[in-house]
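Here are my notes for when you open this one up. I've kept them to the parts I'd look at myself.

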Amino acid sequence: MAASETDRLIYGHRKYAALHLMLSRLIRHSSTPGSEYIYVTLGGTELRDVQSIRFIDPKLITKVFSFENRKERFHLAEKTVSNLQSHGLSIRLTHGSFFDYRRTEETPHIFFLDLEGICATWGGYDDKLGEMFQNEVIREGDLLLITSGLGRDKGIKEIFTAFSGEYSVLNVTDDGEARKLYRRSHPSFTLFKGLNKKGLLGELQVRCLGCIKYKDPKRFPMGLYGYAVTKGVTNLKKLVNDTNIQYFDMNHLQCCVLGDF
Ligand SMILES: C[S@@+](CC[C@H](N)C(=O)[O-])C[C@H]1O[C@@H](n2cnc3c(N)ncnc32)[C@H](O)[C@@H]1O
């Protein structure tokens, strides 16, 4: 059946407010002023994230690579892309997987893994991201944003099983503490796992700079997590407990403390 206009994937203001805040923080703390970036993102149908980044500075999107793996959404995204191209943007839209992006340029990248689901081992995201690190698709100098679902999760038993190694390093055995840590750190756990599986913990430092929770009307609660990648060592305790991580509650438009995330 052909895609209709009602299949368009439209998100609300909170998501983009979260994105704008996170971009500000990442750019402020981990980019050289005026530097150029290539932007790699998930399409959906509207590519609204591309519009926002372009407003901040077109040099942040000298090239855009957008991936959409659902055919009907890809066809709707094609229309959005041709409109953006007519305004001078360099965008390549691919009907395929984000994880198949092949890097051909040294120019630093901003990756936005704008998921609808949960960025955890269940979706194989540790392996997929690990491969991107191993193949130097994601490398030092890059920025990484991840959205991940904070609504229904797999239950504490499965969470403990999936991240047993991480909880063990962090010395967490209590269900309540584990769940709180999961909320604010599961994409960090996933990145850590990916690096660990590929033996890269001693080569790359992945630093979390912020976590923002938001909920758009009629959608599941989500978290947006921002990371900077540099040369160095990734230490799990620092990755999840770094005092430089800022927490924000977009539903109440205020910063929050780690324990309330
Ligand atoms: C949250 S939406 C993107 C929204 C878009 N960034 C925006 O702001 O308008 C995520 C999209 O990525 C697609 N998707 C999910 N995983 C993917 C993957 N691994 N590769 C390509 N597309 C994927 C989904 O079908 C969905 O349409």
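A residue counts as buried here if 20 or more other C-beta atoms lie within 10 Å of its own, exposed if 12 or fewer, and partly exposed in between, with C-beta atoms placed from the backbone. Helices (H or I, at least four residues) and strands (E, at least two) are DSSP runs, numbered from the N terminus. Keep in mind that this is a predicted model: local features need pLDDT of at least 70, side-chain atom pairs count only at pLDDT 80 or more, and totals for chains, interfaces and linings use all residues. Residue numbers start from 1 along each chain as its sequence is written.

1. Start with strand 4 (residues 109-114). It is largely enclosed by the rest of the structure, because 6 of its 6 residues are buried. In a regular strand the side chains alternate between the two faces of the sheet. Here His 109, Phe 111 and Leu 113 point one way, while Ile 110, Phe 112 and Asp 114 point the other.

2. Strand 4 has parallel partners (strands pair if DSSP finds at least two bridges between them). Strand 1 joins it over 4 bridges, with Val 40 partnered by Phe 111.

3. Helix 3 (residues 71-86) reaches 23 Å from first C-alpha to last, close to the 22 Å expected for its 16 residues (1.5 Å times one less than the number of residues). Its buried residues include Arg 73, Phe 74 and Leu 76. Helix 2, strand 2 and strand 3 (91-95) are among the elements covering the buried residues (contact means C-beta atoms, placed from the backbone, within 7 Å). After helix 3 comes Gly 88, with a positive phi near 95°.

Conventions:
Two residues are in contact if their C-beta atoms, placed from the backbone, lie within 7 Å.
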